[in-house]
Amino acid sequence: MKNLKWKLLLLLLLAVFASGCSGQGEKPKDERFYEDDVTSEREDHIVVGFAQIGSESDYRIANSASFRETFCEKNGYYLLFEDGQQKQENQIKAVRNFILQEVDYIVLDPIVETGWDEVLQEAKSAGIPVILSDRSVTVEDEGLYTCWVGSDFEEEGRMAGLWLENYLQAEGRDEEEIHLVTLQGTPGSSAQIGRTAGFSEILQRHGNWNMLEYASGDFTQSKGQEVMTQFLKSYPDIDVVISENDNMTFGAIEAIEEAGKTCGPAGEIIIISFDAASEASFTAMKEGKLHADVECNPFLAPKVDEIIKRLERGETVEKIQYVEEQCFDAFMDLDTVMEERKY
């Protein structure tokens with residue numbers, strides 16, 4: 001009987017010990033969101049949380065690669081990278097998780113411009129500087145973010161309009177009635193707003209330019225092809241397609257060819273694109289399927305790195321910082337251009 005009592009007591013002690021070591025009360029293990037999992041790796045590094053839009057285009061892929069290459073451990077950084085999959089709610093969740101992790105800096109590439117006041121106020125209250133990259137936000141208090149780095153989207157739109165203006169003049173078509181359609185990017189995004197507005201400035205200078213329709217292709221190839229197919233069914237006399245990124249342009253070219261029409265310098269339809277962010281866009285120009293492509297420089301990370309280093313030294317930074325860009329067309333020495341480019 002005494003032996004039985006001792007055995008029962010031993011089993012009870014073992015159960016209590018096992019309960020105490022079972023990990024009850026510990027934080028869930030999620031390497032993206034909880035500091036406990038990354039503390040040892042991020043010590044002595046500047047921790048940056050980057051809320052990316054997604055991977056919807058060649059530009060976005062090059063942009064993400066730029067951040068991963070720049071914000072690496074050998075450069076003194078620990079990067080927490082979140083893909084928003086083109087949903088604002090995913091990005092807002094990512095920013096809040098960065099705040100919980102007490103990162104040193106948050107870099108946000110916002111899908112759309114509105115709806116950021118609350119979460120950016122949370123970051124400000126936590127004392128975490130927010131740097132906007134590529135796209136911007138519309139907020140009541142611009143003090144909610146430190147600065148913005150990216151492209152002058154309105155200037156990109158103007159470059160496209162000026163290129164078309166000069167091209168039509170050189171072709172002797174400057175007095176001709178010109179019918180245009182526009183494949184717009186994600187509605188409400190900085191790139192869509194800026195490129196549409198910039199091109200519209202030039203459009204309004206020409207009474208003979210008739211914009212038939214604007215429709216969103218959401219910056220994707222499949223949607224661009226779908227919308228262009230509908231344009232062709234609705235308007236048999238399209239002269240010019242303005243496509244607000246390369247991936248939509250590739251879809252538009254497919255739709256044009258499937259409809260039995262041609263595009264490019266030797267074709268029926270003039271196409272002007274934006275991004276020039278991949279070899280595919282230059283190949284399209286070399287093959288005579290695309291007239292012109294306005295650059296959108298995806299290598300923003302080095303500029304963000306420079307800003308963070310200045311902030312670490314206690315220096316002030318300019319609120320708006322643009323990167324350099326240019327317009328390429330099918331009449332340039334594109335082989336030489338491609339040899340000199342990083343993307």
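**Figure 1. Contacts across the whole chain.** Of the contacts (heavy atoms within 4.5 Å) with a separation of 6 or more, 73% join residues 24 or more positions apart. The model is predicted: local features need pLDDT of at least 70 and side-chain atom pairs pLDDT 80 or more, while totals for chains, interfaces and linings use all residues. Residues are numbered from 1 along each chain as its sequence is written, and side-chain values use heavy atoms, with hydrogens and water left out. The protein has 12 helices and 12 strands; these are DSSP runs numbered from the N terminus, with at least four residues (H or I) for a helix and at least two (E) for a strand.

**Figure 2. Surface and interior.** Here 52% of the 343 residues count as buried, that is, under 20% relative accessible area with a 1.4 Å probe, protein chains only.

Figure 3. Rolling a probe the size of a water molecule over the atoms shows where empty space is left. The structure holds 2 cavities of 30 Å³ or more. A cavity is a set of points, on a 1 Å grid over the protein atoms alone, where a 1.4 Å probe fits but cannot get out, and lining residues have an atom within 4 Å of a point. Volume is the space filled by probe spheres set on the points, which are joined across faces, edges and corners. For the largest cavity this gives about 80 Å³. Of its 14 lining residues, Tyr59, Arg60, Arg135, Arg195 and Asp275 lie nearest the centre. Helix H3 (58-70) and helix H7 (190-203) each supply at least two lining residues. The lining has 7 charged, 5 nonpolar and 2 polar residues, where Asp, Glu, Lys and Arg count as charged, Ala, Val, Leu, Ile, Met, Phe, Trp, Tyr, Cys and Pro as nonpolar, and the others, Gly among them, as polar.

**Figure 4. The second largest cavity.** This one has a volume of about 30 Å³. Its lining includes Thr182, Tyr214, Ile242 and Glu244, but H7 gives the most, with 4 residues. By class, 3 lining residues are nonpolar, 3 polar and 2 charged.

**Figure 5. A close look at threonine 186.** Threonine 186 sits in the loop between strand E6 (178-184) and H7. This residue counts as buried because its relative accessibility is 11%. Leaving aside residues up to four places away in sequence, threonine 186 touches Gln86, Gln192, Ser216, Asp218 and Phe219.

Methods:
Buried means under 20% relative accessible area, exposed over 50%, partly exposed in between (1.4 Å probe, protein chains only). On a 1 Å grid over the protein atoms alone, a cavity is a set of points where a 1.4 Å probe fits but cannot get out, and a pocket is an open set with protein on both sides within 12 Å along at least five of seven lines; lining residues have an atom within 4 Å of a point.
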